[in-house]
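Let's take a walk through this structure together. Have the sequence and the 3D view ready, and follow along one place at a time.

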Amino acid sequence: MPIRFAGARAVLEGHCTVEEAHDLSEWLLAARARKIDLSGCTGLHAAVLQCLMALRPEMIAAPSDGDLARWLAAALPAPPALPPHRTQTRRRRSKPAALRRSGATL
Amino acid sequence: MPLKPPPSPAPPVGAEQAELAASFVEEARVLLEQAGEALLTLERDPADQEAINALFRAVHSIKGAAGLFDLPAMVHLVHAGEDLLSAMREGRVRMDSAAADELLEGLDHVGQWIGLFQQDGVLPPAAMEIARRYAAAYRARLGGTGDPQPAGEVATGGTRHAWADDHGAAIQDSGGHDGPFVTVEYCPDPACFFSGEDPLHVARTIPGLVWFDIAPREAWPDPRLFDPYVCNLRIRLASCALLEEVEQHFRYMPDAVTIGLLHGSAPSPVVGAPAALPPLAVELIEAQRSALAEPARAGQIADIAATLRNICAALGQPVPFAGTPDEAALAAATAELLTRDALPDAAANADVAGEAVPPTGAVRPDTTERTLRVEQGRIDTLMNLVGELVVAKNALPFLARDAENRFGSRELAREIKERYAVIDRIARQMQGAVMDIRMMPVSDLFKRFPRMVRDIARKQDKQVQLVIEGETTEADKNVIEALAEPLTHILRNSLDHGIETGAERRALGKPDVATVRLVASQEGDSVVIDISDDGRGVDPDRVRAKAIERALIDAERAAQLTDEQAVQLVFLPGFSTAEAISDLSGRGVGMDAVRSVIERLGGEVTLQSRPGEGTTVRLRLPLSMAVTRVLTVDLAGQAYGIPMDLVVETVRTDPAAIRRLKAAEAIVRRDTVIPLIRLRTLLGMEEHRPSLESVLILRIGHATVGLVVDDFGTGMDIILKPFAGILANMSGFSGTAVLGDGRVLLVLNLKEML
């Protein structure tokens, strides 16, 4: 299964096919604060992409596949309408890194 | 001109600059060649859109590249030429012979300057004078029409996407050149998911993708109403592939796409945009941008920054960066400067929902041909090494024999032979691969001739068309290169002596336009080039008279020669039939020079003439100076090589089976009588009658012959070295080769001996 739902996050892996779009959209609609992790994703069906475009879940990690990442960046421009949302993401992103660093020194 | 070219980025310092200059020189030469070719096509058919586009592109690229260096004269000349071409492209000025002459001369100057630039790094001061003269001449052609109307109405042959113009700069930016680009607007059917279409996949796999943008077609509905299976996407793409390729890509969804063309020059003259940059500035900025994209640019950041600053200063525009910028800042700055041109009004951009992202990296390789330019010296080294490997490898069978005979280890001998088979196979493949690299199509050689023929014909007031066939025939680079001079000579001779003047031709009832044909083809292991004309042919009596007059042959022998033999006399050294020595040919170093070059390459040249109908010169050359496979035979303890391609089979036969017909001997094989020839007799050795005769069945031409030898050896690959020096004229042998054990193998030229 290319989509793994773990708590409030969906991890998309490998090539996500058209069938996944239905499950993903239902899951994203079920609760507002759900997030997606695309780091292991290598390909998306256009229907899955549409879910991401229309429902705008927060993206925890962009695909490591550079080409796909560029397509996603084009399709999902950073939402200018929600500035607080954006800063939040930024803080979140930097947090684990800081934690990791402090963990390393300990 | 509104803008002076900025000072050069830097005096040529450092290896990087030198490298950049070297690649510029090489590229410019290729472009000049393309331009020359296109110009000739265009002269014949002024309506040839493809040719004018090719010409324009080539000239344009030269200009862009020249802007990187301190070459104001070149930029000036090429810029004026480009203006003229652009007018021709729009049909405002007509191409004629005189214009073609001027443009060709201009290109010649550019070619010369590139040579000088390569040599000295600078152009002579006189260059600017020449550039001004030509620029004035080109402008004068333009002057009559003097219509400053911007070229807004170029027919595209397809839909014109407004967004493509808006994003023109970005598209050109990612495309790395300025077009033309194919633009696609792809709005998949809302129900397309049910027919198995994946628009994202379709879009991502478009050939030659340079730019894309993806956005919802209509605003997304309330999340509760969102249906993931209704496609609501609008994808915009730009590709540098051919229109047909893109059309082919979208062949299953013709209703969902509109395909248009974006011409490179179109977006720059944005109608009525006061803030637009002058075209030359755009060029220069673009040149900086492509320099930035060069991988070998580390040392040039400062130079590029300086150039951009100069451009901005000249334009009175603010400099889009501060201090010492890094690569990314410069890239952003060039993009920004170009946007100032293409998008004077931010409002024009309003309908763009998503931010366009130029794909790089993974997608780019599709758009460019993956080739590697290598110095010829390196390939030659590789070839020599392969040659040595072949010789070294041939030592292994000797080693195996030694292991068996001298050291009595049969097993070791067998093992060595097994290893030998492996090395032999690899070495043979390696050889093939290296030879393949060295193969070049003859078109590389032929492409210089249309221009030459045209120039000579114009000078002599003759009308000549050159027909070239078989350009794709390939041969070794050495062969191709060595052929340039002989072919030039033969063609000149043909035009000078063979082709009659227009008046003569009319009197003879021949078509006004003479035809010279240059035909290449491959025949077995050789490449054959025929140069034929429909001129007056070679007069055998005049050739005889001339040869006697020059004391090349005595009258008695000349009289005995058939006409066909007589015309071959033109190949004798010191023969020249031109009544008056023209500046083209007839300097007395004619056909004998041709013959010596061809023979040095291991080829042959023949001349056929039909008086009044024309002459054909046929060059036959080996495809490559490759390794030859030979079968060694033993004769009185000495090894001789026989080219493997002649050998049909080897037979050991009882002497009683040999039939004698008077002095001749023959054997019967498969109901065929095969005449026998004893190699010992041929080479003047004493006879040898073993209990079992070894007969090599050979096919020479159309005849089958049995050659009696003492014993058969092995097949081996050798590098055949023709005889040199005092042995050069020895008949019966085609050359020698060094064997793995150091012995010299004589290779027999059986075609000549039998």
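**A guided look around**

B:D671 sits in the loop between β16 (664-669) and β17 (672-678) of chain B; helices (H or I, at least four residues) and strands (E, at least two) are DSSP runs, numbered from the N terminus. B:D671 isn't a glycine, yet its phi is positive, at about 65°. B:A636 is another non-glycine residue with a positive phi, near 50°. Look for B:A636 in the loop between β12 (628-635) and β13 (638-643) of chain B.

A word on the ground rules: this is a predicted model, where local features need pLDDT of at least 70 and side-chain atom pairs count only at pLDDT 80 or more, while totals for chains, interfaces and linings use all residues. Residues are numbered from 1 along each chain as its sequence is written, chains are lettered from A and ligands numbered from 1 in the order in which they are written, and side-chain values use heavy atoms, with hydrogens and water left out.

Now for the helices. In chain B, the axes of α15 (residues 395-405) and α16 (residues 410-438) come within 7 Å and cross at roughly 170° (axes are lines fitted to C-alpha atoms, for helices over the stretch in contact, and angles run from 0 to 180 degrees between N-to-C directions). That crossing makes α15(B) roughly antiparallel to α16(B), a label for angles over 145 degrees. Among the residues that meet here are B:L396 and B:P397 from α15(B), and B:I416 and B:Y420 from α16(B); contact means heavy atoms within 4.5 Å. By class, this contact has 10 nonpolar, no polar and three charged residues (Ala, Val, Leu, Ile, Met, Phe, Trp, Tyr, Cys and Pro count as nonpolar, Asp, Glu, Lys and Arg as charged, and the others, Gly among them, as polar).

What about the meeting of the two chains? Between chain A and chain B, 27 residues of chain A are in contact with 32 residues of chain B. The area buried between them is about 2,400 Å², with carbon and sulfur atoms giving 68%; buried area is the accessible area (1.4 Å probe) that two parts lose on being put together, summed over both. On the chain A side, A:Q50, A:R70 and A:W71 supply 32% of the area that chain A buries against chain B, more than any other three residues.

Conventions
Angles under 35 degrees count as roughly parallel, over 145 as roughly antiparallel, 65 to 115 as roughly perpendicular and the rest as oblique.
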